[in-house]
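This report covers a predicted model.

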Amino acid sequence: DIKSAFNAASENGIKATHLVVGLAPDGGRLSNKAHDDVILAIQLGLNVDAGLHDFLTEDEQIVSLAKQHHIKLRDVRKPPDRKHLHFFEGKITQVTSLKIALLGTDSAVGKRTTAWIIVDALQKVGLKAEMIGTGQTAWMQGVQYGIILDSLINDFVAGEIEHVVWSAWNDKHPDVIVIEGQGSMMNPAYPGGFEIIAAGKPDAIILQHAPARKTYDGFPDYPMHPLDKQIKAVELLSGKPVIAITINHENLSKKDIAKTCKSITDSTGLVAIDLLVENPAKIVDLLRSKIRNS
C-alpha cells in the first residue's frame, strides 16, 4: 500500500515526492479506492500525477486538500485548450523520415513497449529515431513528442497527429519515426489505428499480435478476427504494407514462442518476432532496408 511504500522509501533514505496514478480502467474513471489513495498521498505530502478521465483538479475535496498541503496536481489526460489544438493541413507530406506505425490486433497487447524497444534498438546502431507517443502512459514515461489521443476533440485528432509527427521531423530530422498505436481496428470498445493511418501517413506498418488471445480484450463474447484478415484490413485502409508481426507471448510457453513465430512467418511471409525475448536485429535490418529504399 501507499503508506508502507512511502515509509519503506524513507527508511532507505529516499524522499518520495509523487504518487503516479497509472491505472487504466474502462472509461478512465477514478474508483473510490483510488480516490482514497489520492487523499492519503496528499496527506503524506506527495504531488499527484493522474492519467484518468476523472480529473483530480475538478474534485472539490482533492483540490481543497491539495491547497492545504501545498500539493501539485497534474491531470495528464486533460486536453489542451482548443486554441492550442491543430487542424489537419497537409504538412505531413513534408516529412521525409521513414514513418512506421506500430499498430495492434487488439488493445492492451504491447504496442507501446514494442515501439520503445524498436526506437532504442535503432538508436543503439547509430540511427536517429523518435517515438511518437499517443497515450498518457507514453507521456508518463517521458516521450518527447506525444499527444493523448483519447482525450482530444474529434475534429482535432487528425491535426494533432499530423502536427506531432511533423514537429518531431522538423526539430530532429530523424531517420525513423515510430508512431505508437492505440486500441485496434476491430476492438469493439477501443477502435483505433485508422486516424494514425489517415493523418500520420506511415510508410509501413508493424503489427503487434497476441497469438494465444482468442477474444478481444475485455469482451469474451467477441472472437478475435484472424491475423490474415487484420493484415488485409490495415493494408487496404492504409495502402501501405504490413512489414512485420511482433508478438505478445501471453499464455505461450517459452518453448512455443519460436514455433509460433515460425508459423506466422510461414503463413504470412512476414518477419515474426517476440522482441521481449529475441534480439531486435531482424527489425533493425528490415527498417534499414526501408530507409535505403525510401
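## Asp37

Asp37 has a relative accessible area of 22% and is therefore partly exposed, since the cut-off for buried is under 20%. The residue belongs to helix H2, which runs over residues 32-43.

Asp37 and Asp1 are 36 residues apart along the chain, and 8.7 Å separates their C-alpha atoms. When neighbours within four places in sequence are set aside, Asp37 is in contact with Ile2 and Leu19.

## Strand E4

Strand E4 spans residues 98-104 and is mostly covered, with seven of its seven residues buried. In a regular strand, side chains alternate between the two faces of the sheet. Both faces of E4 are covered. Leu98, Ile100, Leu102 and Gly104 are buried on one side, and Lys99, Ala101 and Leu103 are buried on the other.

## Pairing of E4

E4 pairs with strand E7 (residues 176-180) in the parallel sense, over five bridges. Within this pairing, Ala101 stands opposite Ile179 of E7.

Strand E8 (residues 204-209) also pairs with E4 in the parallel sense, over five bridges. Here Ala101 stands opposite Ile205 of E8.

## Annotated span

An unreviewed UniProt entry annotates residues 87-284 as "domain: D-glutamate N-acetyltransferase-like C-terminal". In the model, residues 87-284 are 38% helix and 21% strand. The end C-alpha atoms of this span lie 33 Å apart.

Terms used:
Residues are numbered from 1 along each chain as its sequence is written. This is a predicted model: local features need pLDDT of at least 70, side-chain atom pairs count only at pLDDT 80 or more; totals for chains, interfaces and linings use all residues. Side-chain values use heavy atoms; hydrogens and water are left out. Buried means under 20% relative accessible area, exposed over 50%, partly exposed in between (1.4 Å probe, protein chains only). Helices (H or I, at least four residues) and strands (E, at least two) are DSSP runs, numbered from the N terminus. Two strands pair if DSSP finds at least two bridges between them. UniProt positions are given in the numbering used here, feature names are shortened, and annotations may be inferred rather than shown by experiment. Contact means heavy atoms within 4.5 Å.
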